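Let's take a friendly walk through a protein model together. Have the sequence and the 3D view ready as you read.

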Amino acid sequence: MADNEPLVYPYTNFSFSVEIYPDGDSAPLVGGAFSDCDGLEMTMDVKTIREGGANDRAYRVAGPVSYGNITLKRGMTNSYDLWKWFQRSVQDPALRADAEIVLTAPDGPRTERARFQLYRCLPIKLKAPPLNAKDSQIAIEELQIAYERFELGQIAGGGA
């Protein structure tokens, strides 16, 4: 490495934020923080097609893609917006939201490393934490969100 080349650190997964945008809203639903985020996954089915008389090969064809569910754990927020969003989704099953999971550098929200965009999200599980008289925040033990697709979005500032 030359002296003038910047030192590149590997991306870490400990600093992230979650932004949820219900249908038609331009501002995020809530400013909450979660300790865990799991379920950013996509799986493509592969179809195998064999040609008659060609026993030495098979063709592999891309099939449909399926997506996981996002699981957010141990969240803290100062509002009831996530609970209200879940209730609105119960009342109107067609209601959807878009969401973004933003991976940031160790310096915090100033430097984005990656932004995963989730489309047509639907809350499917909202679990309250064990109640404790010492806590003063509105806590969420677990929030699960189904999504129809996700992609790696443009990173602010043209990062990696």
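Residues 24 or more positions apart make up 66% of the contacts in the protein chain that have a separation of 6 or more; a contact means heavy atoms within 4.5 Å. This is a predicted model, in which local features need pLDDT of at least 70 and side-chain atom pairs count only at pLDDT 80 or more, while totals for chains, interfaces and linings use all residues. Residues are numbered from 1 along each chain as its sequence is written, and side-chain values use heavy atoms, leaving out hydrogens and water.

The pLDDT, the predictor's confidence in each residue from 0 to 100, has a mean of 81 for the protein chain. Over residues 7–11 it stays under 50, and there the model has three contacts beyond four places in sequence.

M44 lies in strand β3.

How exposed are some single residues? Buried means under 20% relative accessible area, exposed over 50%, and partly exposed in between (1.4 Å probe, protein chains only).

| Residue | Relative accessibility | Class |
|---|---|---|
| M44 | 47% | partly exposed |
| C37 | 27% | partly exposed |
| C121 | 1% | buried |

Of the 160 residues of the protein chain, 34% count as buried. Finally, how many disulfides does a search of the whole structure find? The search finds zero, where a disulfide would be a pair of cysteine sulfur atoms within 2.5 Å.

Key
Helix = DSSP H or I, 4+ residues; strand = E, 2+ residues; numbered from the N terminus.
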